[in-house]
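Subject: Handover of a structure and notes on it

Dear colleague,

Please find below the structure that I am passing on to you. My notes follow it, arranged by region so that they can be read alongside the model.

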Amino acid sequence: PHSMIVNSANELFIYGTTGSSDFPTTNSSFQPIFNGGPSFSQSGIGVSFPDGSDIFVSRLSASGGNLLASTFIGGTGNDGLNTASKLKYNYADEERGEIDIDKNNNIYIATSTFSDDFPIVGNVFQSNMDSLQEGVIIKMDNQLGTVFWSTFLGGKGLDAIYSLALDPYDNIY
């Protein structure tokens, strides 16, 4: 896991990166199938992804005893990882990203992707990847079954997004 947040019903949302094709997903999830990517080993923190990586988002009940929703998100490249050496300054910058929740319990995720076929949804700011690694932002429902919109965010060079925040009007920063 890279980031966690609790919604207004005290349910825990967990955002992270997985290399497990058998990571638990739920029937109504946005993406029940692991897409993975090329084999990847991260230097410095000792994590390897022999079958590539996808983003995961999971929702646990307030008691922690039930998996209410869980999905993969990703294309055929590695997702949820920052492998650009020029964009790593702090420990674990390889796995930075964040999840947040707005007033209506919609979920926002900010991370990085190597997938030029990342599931971009809607009439968005940037629908095409401009480099080998791009930042990506996703807005989805709290049932983790619908992506309202998702967009790349970056230029011609390598890009990564480490964090996001919502203001009182649900504008994204």
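In which sense do strand β8 (residues 107-113) and β9 pair, and over how many bridges? The two strands pair in the antiparallel sense, over 7 bridges. Please bear in mind throughout that this is a predicted model.

Because 7 of the 7 residues of β9 are buried, the strand is largely enclosed by the rest of the structure.

**The loop between β9 and β10**

The hairpin of β9 and β10 has 6 residues between the strands, and Leu-144 takes a positive phi near 60° in it. Asp-141 is also found in the loop between β9 (134-140) and β10 (147-153). Is Asp-141 buried or exposed? Asp-141 is buried, yet it has no salt bridge. The nearest side chain of opposite charge belongs to Arg-59, which is 7.3 Å away. Apart from residues up to four places away in sequence, Asp-141 touches Asn-106, Ile-107, Thr-146 and Phe-148.

**After β10**

Lys-156 lies in the segment that follows β10. Its relative accessibility is 70%, so Lys-156 counts as exposed. Leaving aside neighbours within four places in sequence, Lys-156 is in contact with Asp-130 and Ser-131. Lys-156 and Asp-130 are 26 residues apart in sequence, and their C-alpha atoms are 5.1 Å apart in space.

**An open sheet**

The model also has an open sheet of 4 strands, in the order β1-β2-β5-β6, with antiparallel pairing. Its edge strands are β1 (3-6) and β6 (67-73), each of which pairs on one side only. On average, neighbouring strands of this sheet are turned by 15° against each other, direction ignored. Within the sheet, β2 (residues 12-18) and β5 (residues 54-60) pair in the antiparallel sense over 7 bridges. Ile-14 has Ser-58 in β5 as its bridge partner.

With kind regards

Methods
Residues are numbered from 1 along each chain as its sequence is written. This is a predicted model: local features need pLDDT of at least 70, side-chain atom pairs count only at pLDDT 80 or more; totals for chains, interfaces and linings use all residues. Side-chain values use heavy atoms; hydrogens and water are left out. Buried means under 20% relative accessible area, exposed over 50%, partly exposed in between (1.4 Å probe, protein chains only). Lys and Arg count as positive and Asp and Glu as negative; His and the chain ends are not counted. A salt bridge is a side-chain nitrogen of Lys or Arg within 4 Å of a carboxyl oxygen of Asp or Glu. Contact means heavy atoms within 4.5 Å. Two strands pair if DSSP finds at least two bridges between them. Axes are lines fitted to C-alpha atoms, for helices over the stretch in contact, and angles run from 0 to 180 degrees between N-to-C directions.
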